[in-house]
Amino acid sequence: MQMQIKIQRWLFSLLIIGALFVGGCGSSPVANSTPTSNPASGENISLSPSPSPAVAASSQFSNLPRLEGKATVVMTVKGAPITIELDGTNAPITAGNFVDLVQKGVYDGLVFHRVVREPQPFVVQGGDPQGKDPKFPTARLGTGGFIDPKTTVERRIPLEIKAQGAANPTYSATLQEAGVKEKPVLMHSRGAVAMARSQSPDSASSQFYFTLTDVPFLDGSYAVFGYVKQGMDVVDKIQAGDRIDKATVTQGLENFKPVT
């Protein structure tokens, strides 16, 4: 009986991890696909040369926005606020990317295209810019990222996970791939906010998810960059198809370092 329960949990873990993948379609790298969709676009960001996965963000990724400290974002859904505290101390690039997209109004009007609550609570996921168009096919939601108007290509950010006791985050690799045994500072507890990505570690763009419960098996593989501080009851009520009314940075904007 115990073995059967373990197998069931393992199969369920594989199923729901698939929900976080960001797939690909044609020449455009895309976002969160279903477990049966192709999770990889075949495109990769070149982040070399790199002496190791744990490289200071200020040197290798200077072309990306950063958050150096904390910031607060209030996201409203169906008129109800969700207060998110972003942790740029432990995830400067990931949190900085989110702040930058909020400042650009990218999330305003976007749909939550994937909500997984059965057979047990998992995630609420959104952030595909294609969802701003109400006529965009529902089946294709989760296949887009932020297209930077300056470069006309999709902005991707590296996988960024800081391990407990580490001076800098590990980049472009999961903690397991990097041989790091310590747990991450930012873990997938209930209310965590993290980036969805494809099988390629450096494929996150704009899609993010809220965790509806503790999801420890994702720790070290996906980049958490903040937590819901107020409004988790609002997150619990989100249904697929609900839209973000607006997202606003309400505190900590002085810690934001945009790309110059």
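Me: Which ring does the charged end of R197 sit over?

Reply: For this feature, a charge sits over a ring if NZ of Lys or CZ of Arg is within 6 Å of the ring centre and within 35 degrees of the ring normal. Here the ring belongs to Y222, and the charged end of R197 lies 4.6 Å from its centre. Keep in mind that this is a predicted model, where local features need pLDDT of at least 70 and side-chain atom pairs count only at pLDDT 80 or more, while totals for chains, interfaces and linings use all residues. Residues are numbered from 1 along each chain as its sequence is written, and side-chain values use heavy atoms, with hydrogens and water left out.

Me: How many aromatic pairs does the structure hold?

Reply: A pair of aromatic rings is described by the distance of the centres and the angle of the planes. Rings of Phe, Tyr and Trp (its six-membered ring) pair if their centres lie within 6.5 Å; planes under 30 degrees apart count as stacked, over 60 as edge-to-face and the rest as tilted. By that rule there are nine aromatic pairs here. Take F98 and Y107: their ring centres are 5.0 Å apart and the planes meet at 35 degrees, so this pair is tilted. For F112 and F208, the centres are 6.2 Å apart and the planes are at 80 degrees, so that pair is edge-to-face. The F112–F208 pair links distant parts of the chain, with F112 in strand β6 (residues 112-116) and F208 in strand β13 (residues 208-211), 96 residues apart. Strands (E, at least two residues) and helices (H or I, at least four) are DSSP runs, numbered from the N terminus.

Me: Which residues do ring pairs link into a cluster?

Reply: The cluster is made of F98, Y107, F112, F208, F210 and F225.

Me: Is F98 buried or exposed?

Reply: Buried means under 20% relative accessible area, exposed over 50%, partly exposed in between (1.4 Å probe, protein chains only). F98 is at 0%, so it counts as buried. Y107 is buried too, at 1%, and F208 is buried at 0%.

Me: Which residues touch the most other members of the largest nonpolar core?

Reply: In soluble globular proteins, nonpolar side chains tend to be buried together. A nonpolar core is a set of buried Ala, Val, Leu, Ile, Met, Phe, Trp, Tyr and Cys residues joined through side-chain atoms within 4.5 Å. In the largest one, with 54 residues, the answer is F208 and F210. Helix α3 (residues 92-103) gives this core its largest share, six residues. A second, separate core has five residues, including L159 and A223.
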